[in-house]
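Please look over the sequence and the structure shown below before reading on. The report then takes up a few topics one after another.

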Amino acid sequence: MSFTLHGLGVSGGIAIGRALLMSHATLEVSHLTIAPRMVEKELARFDAAIKVVKSELLAMKETTGDAPSELGAFIDIHTMFLEDPELVEKPREIIRERRCNAEWALVQQMEHLVAQFEQFEDAYLRERKFDVVQVVERVIKELLGHPSRAVMKTAKGVTEEMLVVVAHDLSPADVIAFKDHHFASFVTDVGGATSHTAILARSMAIPSIVGLENARALIRDGELLIVDGTRGVVVVNPDPRVLEEYQLRKDQIELEKSKLKRLKGAKSQTIDAVDIQLFANIELPGDVPAALEAGAEGIGLFRTEFLFLDRGDMPDEKEQYEAYKKVVKGMAGRPVTIRTFDLGNDKDINPGSTLGDRVKTNPALGRRAIRLSLSEPRMFQTQLRAILRASRHGKIKLLIPMLAHAHEIDQTLAALEQAKSSLRGEKVAFDEDIEVGGMIEIPAAALAIGLFLRRLDFLSIGTNDLIQYTLAIDRSDEQVANLYDPLHPAVLMLLAHSLSMAEKVNIPVSVCGELAGDPQLTRLLLGMGLRIFSMHPSQILEVKSKVLKANVAEVTPHVRRMLRLDEPGKLREALDKLNA
Ligand code: PEP
Ligand code: MG
């Protein structure tokens with residue numbers, strides 16, 4: 001039966017493919033139906049995996065006799081879970097009743113248990129959900145027959161490009177694993193327009209939809225799906241006529257995309273010869289080729305926290321240095337803006353990491369980003385030293401996330417000076433004049449921007465967070481995604497104020513939030529005075545095509561008039577006129 005689901009399109013275009021259902025905690029789990037005669041075999045497979053993991057834990061306990069007591073305690077808790085009927089018996093019932101594979105049954109039960117743990121008032125008990133997830137992951141790895149993040153299993157002859165991933169949500173760790181794959185699309189039940197899931201979709205340039213609410217419950221593995229990322233629509237089991245229509249539109253979009261490639265070498269300049277700089281946002285060193293391919297003039301935002309979100313420990317100085325060096329060398333002389341870790345919000349630290357317990361219940365307003373870095377001086381020094389060391393290989397700029405207070409800048413500059421002086425003491429070369437910039441992501445920072453302009457070399461406006469905090473909407477919550485509005489007059493006022501104040505004192509300012517990559521907003525931003533844009537590599541050429549057709553002298557007065565409006569309908573109308 002054909003039916004349609006509606007969500008929030010976060011990455012445009014059309015994908016057509018077969019559904020691959022994935023679980024929330026472990027990317028590699030798919031939902032398979034097994035033949036009745038295979039049920040006993042599946043149960044035996046499940047029991048064997050539990051047994052192996054139990055003996056692994058036992059062996060671990062024996063070999064770590066003198067290790068700190070927390071390690072022993074953690075092994076005991078995991079062993080205890082493996083003896084609990086909730087985790088050992090319930091999945092067996094699910095395998096029998098639903099005739100599904102052991103991995104899927106186990107993850108269903110895990111999610112049920114995680115939900116129960118989340119209800120606990122007591123923080124210690126609540127945290128035990130991470131132990132459940134970890135122990136389940138061990139068993140899943142055993143079931144899949146290999147120790148590390150698995151390659152996803154698909155039917156014979158079906159390549160990743162033919163698959164649409166259907167998930168409840170994707171964790172930032174899943175997001176990293178995704179980068180090595182080439183799926184047609186992904187759709188999720190939860191997530192907002194600027195959640196990490198959405199950002200990833202755009203960075204991979206695959207059509208995607210979030211906030212579908214119950215896609216995972218309604219879609220079955222292997223069903224044919226059309227994903228219209230522009231309109232936020234998923235058509236499940238389309239009839240042949242609909243399929244043909246979408247196939248045609250898909251071909252058209254691909255043709256237009258390939259035409260855009262011709263713009264790669266074109267100078268990024270408006271009709272009236274105003275130079276516009278187009279930079280790339282990246283998450284990992286592996287994103288550099290895409291940035292170069294799109295003709296980026298440099299990296300405007302390197303989200304360094306992605307370097308270790310899929311693991312429990314922090315990378316040491318050498319590992320970070322190698323990663324930063326790889327990016328700066330890869331960019332061959334073009335500037336690279338490295339943002340210090342923005343951890344503690346949606347980009348949570350893995351359970352088990354030393355910083356895990358610092359994340360509170362309201363993380364977006366808690367100790368995240370620079371606040372966390374300043375409270376962890378050793379971690380911060382390690383990162384600053386690694387960035388400084390890499391700065392001798394090219395042009396690196398340092399960017400500080402989530403600043404609100406002058407003293408945070410002062411403390412950051414002092415920490416940087418400390419890192420510099422330790423390197424000088426060791427006679428290690430670095431760029432003494434490294435530029436330091438701050439992100440304007442908190443309304444307080446946009447309003448009191450003078451503080452920032454006086455202390456820093458450049459600014460970058462993070463509109464994803466700026467909108468979240470201005471409109472008081474959680475950017476990863478699909479229930480308030482409808483309230484996310486880049487055209488809200490308050491957002492426009494803060495943006496316009498920040499840009500004009502920076503211009504007055506001649507301090508470079510860029511926008512690196514998702515707004516910068518939205519071609520519908522290019523003229524508006526140009527008219528507001530923006531000259532430096534930073535976005536996913538996949539968006540650069542389309543934005544460039546808008547820049548090439550814009551005339552700053554013409555759009556500026558129109559935008560000035562627009563900024564005096566505060567009626568949403570009138571603002572939309574004015575934007576349409578501006579883009580006409
Ligand atoms: C932003 O907030 O706009 C931004 C660019 O940073 P992030 O999306 O990583 O929070
Ligand atoms: Mg941000």
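Are Glu441 and Asp465 buried or exposed? In this model, which is predicted, Glu441 is buried, and Asp465 is buried as well; the word applies to a residue with under 20% relative accessible area.

Because Glu441 sits in the loop between strand S13 (435-440) and helix H16 (443-447), while Asp465 belongs to helix H18 (residues 463-471), the pair ties together parts that are 24 residues apart in sequence.

## The surroundings of ligand 1

Around ligand 1 there are 15 residues, and the closest are Arg303, Arg339, Glu441, Asn464 and Arg475. A polar atom in the side chain of Arg339 lies 2.8 Å from an oxygen atom of ligand 1, and a side-chain N or O atom of Glu441 is likewise 2.8 Å from an oxygen atom of this ligand. For Asp465, the distance between a side-chain N or O atom and an oxygen atom of ligand 1 is 3.0 Å. Ligand 1 taken alone exposes 290 Å², and the protein buries 100% of that area.

## Cysteines

A disulfide is a covalent bond that joins the sulfur atoms of two cysteines. How many disulfides does a search of the whole structure find? The search finds 0.

Definitions and conventions:
Residues are numbered from 1 along each chain as its sequence is written. Chains are lettered from A and ligands numbered from 1 in the order in which they are written. This is a predicted model: local features need pLDDT of at least 70, side-chain atom pairs count only at pLDDT 80 or more; totals for chains, interfaces and linings use all residues. Side-chain values use heavy atoms; hydrogens and water are left out. A disulfide is a pair of cysteine sulfur atoms within 2.5 Å. Helices (H or I, at least four residues) and strands (E, at least two) are DSSP runs, numbered from the N terminus. Buried means under 20% relative accessible area, exposed over 50%, partly exposed in between (1.4 Å probe, protein chains only). A residue is near a molecule or strand if one of its heavy atoms lies within 4 Å of it. A polar contact is a pair of N or O atoms within 3.5 Å; within protein, one must be able to donate a hydrogen and the other to accept it, and residues adjacent in sequence count only if both atoms are side-chain atoms. Accessible areas come from the Shrake-Rupley method with a 1.4 Å probe; for residues, only the protein chains shown count as cover.
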